[in-house]
Structure formats: structure tokens, C-alpha cells
Amino acid sequence: MKTFLENKIVRFLLSGGIAALVFSICPPCLSKVVLGGVLLTLLILINGAAFFARFSWLTHGARILVGCLFIFSGFIKSNDPSGFSYKLEEYFEVFAADLSNFHFLVSFFDLLKSASLFLAIFICTFEVALGFMLLVGVRIRLTLWLLLLMNVFFTFLTFYSACFNKVTHCGCFGDAIQLTPWQSFGKDLVLDILITVLWIGEGHIRSLLGTFFGNLATVLIIAGSIAFPVYAWYYLPPIDFRPYAPGKNLCEEMKQGPHYKAAKYESLLIYRNKQTKQTQEFTQKNYPWQDTLHWEWADTKTKLLEAGVDEPKITDFKITDPDSGDNMTDSVLGNKDYYFLLVAMELGEKKKDKYEPRKAYLKVQGRINDFVALCDKDKKKFYGLTSAALPEIGDFRHEVQAMYPYLNADQTVLKTMIRSNPGLMLMKGCEVIANWPYHALPSYNDVKEKYFKSGK
């Protein structure tokens, strides 16, 4: 990289050629003005590297911004590794579907999906470690390479998501700050520029702790960056940004704000020209549905025209009876007394036509059954919530001798309600009082002593 920046002719020809190539293949979804501005900025920085390298404050400003942003991003996702792993699964499902003609890639993305939790923890640790190494000045050349490669990859990922409307929330900052795909892509473009500034001013970056203590501090940071998300996965997020967090009122979270304005969308119909094989976007007012000689339908996508204002934080919470299909939401949330919800996204797997409950349930089901018996004694309601179908619910209840009713809810909603499968929630009316993962289920007497008698 240093040789590239010092050779003016090679630098100009190569950077200009790459910029021209990228600009020429700019897809319709991306503004050429925006892309041109970013490419021009990068060209000026790269070809004026000798000039910009004089300003140490420029390097250190970029160093602080990039380092702090990577640490913040990694920490926020570490706080909720399960939520981040769900987002990774969503990306892997999208890529597997879009590349379905390549069976080896589908298998690869399926493998990544099964390892999503491990990857989530790894990425969080990687981000925090790189941010710290940059700020402290540890192994700068390696750090800059890893920062560049990682951010270029995320730039592509967010661009693909935004352009093709695949994943509507990138998960860059978890549930704390929800960015749209285009906002996330813009953030990555700014980071690309800042990392370029860091490469130009690499000579100004010095170690703040020395080699030995810098390496020691990095090892300790990495160890802590691994331990924190593991703890958050095992015991639920320490800082809960979800609308189902303890202290939240679900009925209030489902209400529209005082300045509510619904989002506006437009359906875009993508048709392929039979002669040129090129695709073109049409609206429902001008699509060539009659011209079957020249056009054929290729795809349909939804475009956000105007973002909503003061929208409800919860829009898809609905509880139904798996037997009758009746809506039970008001009936459950209308209970003014304390009650419990055992959130179970999936009850088990079917293998060779034999139903096998998950090990997590078998590990704690005895304690749950004892818990339910004490609830019945005190006349406290206890419900199971699952996305499973009625036959699976029946088989599961028989298998584990579950003496409490199961109701249905959407799996995505259940994943959002609690980051544990299963997980227990204590409710009072619409208010979430407390929640626990299956790893750390409380005894009924402890819950009764802490919450019922205290009036919490």
C-alpha cells in the first residue's frame, strides 16, 4: 500500500481506472451523484497523499472516529449476541435464496447459518479488538489491513441489502440504533474514506503503550470481548433495548405516537427485455403488461417513498389459540394479576418421522413443571408461547408432561420477546416485570418473595 501511494503515475492510473470502472457499472438504485462524490473524494485523497499526510491532526481525528465507532459497534452487538446472530441468519438466508442455482454455495451459507452465534461473537470481538488496537497503536499495519478488508466487505453487504431491499435493518448497532440499509451503506462509505485517511497518515500513528504492554492490553481486551457476549448470551442482554424489556408496557409500545404518520410504499415491477435481456423498473401505472412480445416479468419489489413518523414500536404482536385460531391477545394481556409466559420459539425437530424435543427443554422441563404446579396452587396463569403447529404442540406436551396450555405467536416476535429458547417472562397486565433464560430459571418461591410480596 505504501509503494502504491508513493508512485504517482501508477497511483493516478490505477485509482482513476478503478474509479471509472466502478462509476460505469453504477446500478440504477444508487445515485451517480453520491457515488461520483465518494469516488472523487477517494481520488483526491489517494493522489494527494503526500499533501494530506502532512496534517497529523487529520490522521488522529480519523483514528479516534474509526476506533471509537468500531468499539461502540462491537460492544452494542456484544450486548445482544443472539439478536445479532438472528440478523446474520437473515443475511445467510438471503444469499442462499439468491444463489440457489449454485448448490455448493447454498450448502456453504446453510453451514454459516448453523454457526451464526459463533460468528456473531467472533465479529463483535473482532470489531472491539480492531478499534482498541487502532486507538492504542498496536500492530498498525495489520490493524489497517484488517479494518480496510472488513469495512469493504460490510460496504458490499449493506449496498446489496439496500439496493435489492433484502434486509431492512442491518443490525450494525443492534436494537440501540436502528439504521436503514441506505443509512448503513452511507456510514460504511464514510468509514471507507476515513480508513483511507488512516493509510495516508500511517506514519503519524505511534504506540501509546509500547510493544509489550500494548500486546498485553490487546490480549486482555480480546478476552473481555469474548467473555462479555458469552455472558450476555447465557444470562440475556445486560442492557435491553427491545420493546419487550422488563419495565416496558406492551400495550403502550403498540400505540401510535402523537404525531403518527404511516410510511408510504410503492410497488416496483421489474420487467426483462426479451431482446436485450436488460431489466427495467416500472410502476403499476406504466408497466408493459400488454407488450408480451418485448417484455417479460422478472421481479417485484417494494420501495419506501416516505418513512413513517411516530410508528408503534410493536406492530406484529398477536397471540392466537392453535386449536380454534381465535385471537387471544386481549384476553392474555387483560389479566390484571401476575402471570407467566414461557416463550418457546421452536419445540423440537422432526427426524425420520420421530419427534425429538430439544435438549434445552429436557434439561429444564422438570423444573418448569414444578414451577407450574406452584402457579396453579396460587392461581397464577402460566402459558406457553410457540410458533409450532398444533400436532407438534400435542406431541411435545405429551412427551414432557406439560400441564399448561400453549398459544401461538409469530416466530420472529418470539425471538424478539426474549433471547432464550425457552425463556420465561413474568407479566402483569401489559407490563413486563422480569424475564429469565432457561439457563437461570428462578424458583417459584424466589419470584413470589421478590415480586409478589414487594408489589413490583
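This is a predicted model: local features need pLDDT of at least 70, side-chain atom pairs count only at pLDDT 80 or more; totals for chains, interfaces and linings use all residues.
The largest nonpolar core holds 49 residues, and V66, L134, L144, L147 and L198 touch the most other members. Helices α3, α5, α6, α7, α8, α9 and α10 each supply at least two residues of this core. Taking L144 as an example, and leaving aside neighbours within four places in sequence, this residue is in contact with L134, L198, W199 and E202. Another core lies apart from the largest one; it has 30 residues, including L347, L426, W436 and V447.

Next comes T329, which is found in helix α13 (residues 329-333). T329 has a relative accessible area of 8%, and because this is under 20%, T329 counts as buried. Not counting residues up to four places away in sequence, T329 touches F317, K318 and I319.

Turning to charged side chains, the model has 12 salt bridges. One of them joins R419 and D80, with an N to O distance of 2.9 Å. R419 sits in the loop between α16 and β9 and D80 in the loop between α5 and α6, so this pair ties together parts that are 339 residues apart in sequence. Both R419 and D80 are buried.

A salt bridge at 2.6 Å, N to O, is formed by K113 and E93. The partners lie 20 residues apart, K113 in helix α7 and E93 in helix α6. K113 is partly exposed at 29% relative accessibility, and E93 is partly exposed at 40%. K448 and D378 also meet in a salt bridge, at 3.0 Å from N to O. K448 lies in helix α17 and D378 in the loop between α14 and β7, so the pair ties together parts 70 residues apart in sequence.

Technical notes. Residues are numbered from 1 along each chain as its sequence is written. Side-chain values use heavy atoms; hydrogens and water are left out. A nonpolar core is a set of buried Ala, Val, Leu, Ile, Met, Phe, Trp, Tyr and Cys residues joined through side-chain atoms within 4.5 Å. Buried means under 20% relative accessible area, exposed over 50%, partly exposed in between (1.4 Å probe, protein chains only). Helices (H or I, at least four residues) and strands (E, at least two) are DSSP runs, numbered from the N terminus. Contact means heavy atoms within 4.5 Å. A salt bridge is a side-chain nitrogen of Lys or Arg within 4 Å of a carboxyl oxygen of Asp or Glu.
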